Structures are given as C-alpha cells and as structure tokens.
Amino acid sequence: MTPQSTNGHRDSVDCVVVGAGPAGCTAATLIALQGHNVTLLERETTPKYKIGESLLPATIHGICPLLGVSEELKNANFILKRGGAFRWGKNPKPWVFDFASSQKMAGPTSTAYQVERVVFDRILLENARKKGVNVRVGCKVTGTLEEDGRVAGLQFLNEQGEAETIRARYTVDGSGSESPLVRKVGDRVFSKYFQNIAVFGYYENGGRLPEPLSGNIFCAAFDEGWFWYIPLRKDLTSVGVVIDKTKADELTNDLPGSLARYIEKCGPIKDLLKNATRVTEGMYGEVRARKDYSYSNTKFWSPGLALIGDAACFVDPVFSSGVHLATYSGLQVARSVNTFLRGKADEAAIFDEFEKRYRREYANFYDFLLAFYNVEQEETSYFWEAKKVLGAKTPEDEAFINLVGGVGNNNEELFNSADFFEKRKELGGTLFPESAAVPAAPAAGGERGDFYRKLTSEITAMQINTLLGERRPHEKPLFENGLVPTRDGMHWSVPVAARV
C-alpha cells in the first residue's frame with residue numbers, strides 16, 4: 001500500500017517512534033537521516049537506569065558508525081571489552097574467548113564496550129536530536145489512531161499531562177517489554193525453557209581478571225544458576241545472579257540478603273568480591289530483580305505499526321544480546337520505513353523482510369543457548385554447537401566467537417512464534433534441573449539437520465561496506481524471493497539478478 005499524504009495537519013509526521021532506548025533511537029535516527037520528519041516519544045524525562053551494560057562488536061562497529069556516534073562513545077571512556085571469560089561446563093577452571101580470534105572481527109572491529117546504560121542511552125538520544133529527530137520526553141502513549149484498517153498515529157499524554165494526538169505515516173514501537181502497543185500487532189508467546197529470575201546489584205572495589213582480560217565480562221555457573229560480573233568503571237562492577245523461577249519464593253522481600261547468600265555459594269564471584277562493598281546509595285544503590293522470561297510476539301508488524309527491541313522479543317541475558325538485538329532491529333525497521341515513505345512500495349514485502357531478519361537473529365541466540373544451558377559439557381561441546389547452529393565452515397571455536405559477537409546470521413524463516421517454541425520444547429526445561437539436559441547432537445542430516453543452514457554475516461558485511469561506501473558489492477538476498485539493502489544501506493530493493 002502506498003502511504004497517503006498527511007500534509008496540512010499541524011501534528012502530522014512521516015514517522016513516530018515510541019521509546020528512546022537503543023532500539024528507538026537507532027530507528028528514529030536512521031529514518032531522520034533520510035530527510036524524513038520523525039518524532040520520538042519517550043515516557044521518561046531523562047534516560048533512566050537500565051540493565052544491559054555489556055555490548056557486542058556488532059553494535060559498536062556495525063550500527064554505531066551508521067548513527068555517527070563512534071567518537072562520542074570513544075570519548076566516554078567506557079571499559080574496553082575484548083571478549084569474555086566463563087567458569088562454565090565441566091572444566092573447573094575459567095576459559096576465555098577473544099573477539100580478535102575471529103577472522104570476521106580481527107583488527108579494529110574486535111572490541112566492544114561495557115557501558116553505564118544511562119550514559120550510553122543519553123549519547124544515542126542526544127545524537128538523535130542532532131540528526132534532526134524531534135524528541136519529546138515525559139510523554140505517555142495511551143492509544144492509537146486507526147484509519148482504513150491501519151495505525152495512523154498515536155494518542156498520548158504530554159509532559160504536562162495534557163492529551164495530544166500525533167498523526168504519522170508509520171509508527172514504530174521500541175518502548176520495551178511493557179509496551180502498550182504490542183496487542184495491536186499480535187500476541188506474546190513465552191518460551192517454556194528460559195523462565196529465569198535475575199537478582200543484581202553494584203559493588204565498589206571489586207576484583208578484576210588479570211590483564212588483558214580485566215575489561216571482559218565474566219560468567220560463572222554454580223549449582224543453582226549462574227552469575228554475571230561486568231566491570232563498568234575502575235571502581236564499579238555490575239553483579240547479578242540468574243536462578244530458576246522455582247526459587248522465587250526464596251527471595252522473599254530481602255533482595256540484598258538473597259544476592260549476598262548466592263554470592264557465598266559461588267566461589268569465583270565470592271573471591272572477586274572479597275574486598276568489595278555493595279553500593280547502597282544513588283542510582284546503583286538498589287538491588288533489583290527481573291524476570292528474564294524469553295518471549296516472542298506472534299507478529300512484529302501490522303499495517304502502519306512495527307515492533308522492535310524488547311517490544312517484539314527477548315532471549316536471555318547470558319550473552320549480552322539485548323542491545324545488539326535492539327539496535328539490529330532498529331536498523332532493519334528503518335530500512336523498511338524509509339522504503340515505505342518513498343512510496344510505491346509493497347508494505348507486506350518490505351516489512352516481512354524486516355521481520356524475517358529479526359526473527360533469524362533472535363533464533364541464533366535462542367538455539368545456541370538451548371545447548372549452552374547444559375552445564376555438563378566441556379567448552380569444546382559449546383563451540384561445536386555454535387558451529388552447528390551457524391552452519392559454518394569455520395573452526396568450532398571461531399564459530400562460537402562469531403555467534404556471541406553478533407556477527408553470525410541464520411537464514412531460517414520463522415513465521416509462527418508458538419511453533420518456534422513448540423519445536424524446541426524437547427530441548428530443555430527450566431534452568432539447570434536434571435531434566436533440562438540437552439540431547440546429544442544428532443548426526444548430520446538428522447531430525448534437526450534442515451534447521452541449521454549456512455548463513456551469511458550481514459553485520460560483518462555492514463562493517464566492511466561502511467568503509468567501502470559506493471564501492472560496496474551487490475548483496476544477495478537472505479531469503480527466497482527476498483529483498484536486499486540498497487547501496488546506501490538505508491532502504492530495501494529487489495536483488496539485481498531478480499530485475500533481469
């Protein structure tokens with residue numbers, strides 16, 4: 001459907017985006033950079049505290065250069081992340097991986113950052129303003145405007161609590177897991193496997209891994225779950241435990257006491273915190289809990305409205321995929337909206353392309369984690385599983401690094417969220433019980449053989465193409481009869497071969 005003109009309406013825009021997190025800011029900025037009139041509505045008046053502090057190279061070197069924030073991130077002096085360390089599986093000693101070990105990320109693209117999200121999100125928000133986005137804070141979305149069977153804008157309360165409406169040729173929802181617009185698109189389906197609870201706080205003067213690993217995330221499994229340990233500043237560390245939902249009653253109303261008790265049960269984390277003190281004041285002074293239930297909406301778009309980031313789906317915190325999936329979806333939806341706003345575009349074709357690519361990236365992390373949560377394996381088994389998930393020809397350890405670095409893509413087309421989780425229900429139960437063991441890997445061509453297909457590395461190609469500019473090669477579609485990015489990377493087009 002070709003978008004209808006909204007000229008003449010004082011409150012009309014080309015696109016309205018809800019939510020000023022990484023997903024919303026990415027989408028709004030990349031749409032505004034194409035000359036479109038974009039308004040970004042954010043409920044908070046300033047960036048608020050958020051978890052999700054450990055980023056991936058795919059975000060830092062794939063998305064952030066497109067947004068134009070690379071220098072700002074460098075000047076923020078965030079902790080440099082070169083990879084990760086895990087006390088996981090049968091090996092009693094921690095094992096490490098470096099992004100630089102992957103040929104896809106070797107050199108200047110082999111690092112990421114550990115970020116304070118308030119600082120990182122503020123950089124993205126201020127950049128959106130600089131790039132022409134009309135940012136309005138303190139605005140609470142209350143409903144949608146609908147015309148001819150499609151969303152045509154939003155109703156909201158402004159910063160003064162007054163009711164307003166805004167008409168838009170397209171609406172993008174990046175407002176997170178508690179989005180008020182999700183049911184306008186479909187239903188949320190929850191995984192029966194990843195139903196965990198995270199309890200987390202912040203510590204001063206925590207220990208560090210030896211150089212050059214001091215900036216890496218450290219994940220340590222123990223009998224009842226696993227811990228993350230993320231250095232945010234020289235004197236500040238994010239520490240969280242992830243446990244199965246069946247242990248929720250043990251948390252009672254004493255989250256600080258519960259976190260302290262779990263630290264005592266996990267030797268490596270206890271050792272790192274032996275001289276540390278928990279922060280008890282300010283933004284980091286609260287011990288928080290979050291239900292990290294995996295879910296996916298049955299649809300990611302409906303006429304006039306698209307869901308991105310946690311509004312569409314969530315996996316699990318273990319490989320820090322949250323911000324990656326958010327910014328990745330922001331790029332994909334921006335391509336679709338930009339193409340739509342040009343006119344004469346098939347809305348279904350361009351937004352199906354967005355949804356397929358986002359679901360595929362989600363599936364990469366989900367399917368690998370089904371195997372990773374079996375802690376009764378050697379690390380080499382996890383490497384092998386990553387190679388299988390990606391259908392890669394690279395060595396097993398490199399396939400693992402590519403996947404957790406966000407530069408591996410699966411070509412599987414996923415249409416039904418319920419079917420997606422149903423097909424995988426036999427692969428696991430809840431976190432770490434004996435019944436949750438993942439079956440041994442099937443022989444090639446077995447029951448799951450068709451699932452693991454050869455993939456392309458879109459994020460890696462994006463990094464290279466940022467440097468090549470107009471010299472970038474023509475890309476091939478990821479799906480049968482699919483679309484490809486234009487040479488500028490900001491729209492969809494029919495593949496060259498399909499035009500002949």
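Which residues are buried in helix α6 (residues 255-265)? In this predicted model, they are L255, G257, S258, L259, Y262 and I263. Buried here means under 20% relative accessible area, exposed means over 50%, and partly exposed is what lies in between, with a 1.4 Å probe and protein chains only. Helices (H or I, at least four residues) and strands (E, at least two) are DSSP runs, numbered from the N terminus. At the N-terminal end of α6 sits a cap from D254: one of its side-chain oxygens lies 3.0 Å from the backbone nitrogen of G257.

Some bookkeeping comes next. Residues are numbered from 1 along each chain as its sequence is written, and side-chain values use heavy atoms, with hydrogens and water left out. Because the model is predicted, local features need pLDDT of at least 70 and side-chain atom pairs count only at pLDDT 80 or more, whereas totals for chains, interfaces and linings use all residues.

Taken as a whole, the protein chain has 14 helices and 21 strands. Of its 500 residues, 60% are buried. Its accessible surface (Shrake-Rupley method, 1.4 Å probe; for residues, only the protein chains shown count as cover) comes to about 20,600 Å², and carbon and sulfur atoms hold 49% of that. Contact means heavy atoms within 4.5 Å; among contacts with a separation of 6 or more, 72% are between residues 24 or more positions apart.

Now to the inside. A nonpolar core is a set of buried Ala, Val, Leu, Ile, Met, Phe, Trp, Tyr and Cys residues joined through side-chain atoms within 4.5 Å. The largest one has 82 residues, and L73, V333, V337 and F351 have the most contacts inside it. Helix α8 (residues 322-342) gives the most to this core, with 10 residues. Leaving aside residues up to four places away in sequence, L73 touches I60, C64, F78, Y113, F120 and I123. There is also a second, separate core of 25 residues, and Y203, Y262, L272 and A276 are among them. In soluble globular proteins, nonpolar side chains tend to be buried together.

Strands pair if DSSP finds at least two bridges between them, and β5 pairs with β4 (residues 83-87) in the antiparallel sense over 4 bridges. In that pairing, D98 of β5 stands opposite G83.

R150, in strand β9 (residues 150-157), counts as buried because its relative accessibility is 10%. Its side chain makes a polar contact of 2.9 Å with the side chain of E347. Such a contact is a pair of N or O atoms within 3.5 Å; within protein, one must be able to donate a hydrogen and the other to accept it, and residues adjacent in sequence count only if both atoms are side-chain atoms.

Most residues other than glycine have a negative phi, and most peptide bonds are trans. N77, in the loop between α3 (70-75) and β3 (79-81), has a positive phi near 60°. K344, in the loop between α8 and α9 (347-372), also has a positive phi near 60°. N77 is exposed, with a relative accessible area of 66%, and K344 is exposed at 82%. Finally, E211 and P212 are joined by a cis peptide bond with omega about 5°; P212 is in the loop between β11 (188-204) and β12 (217-222).
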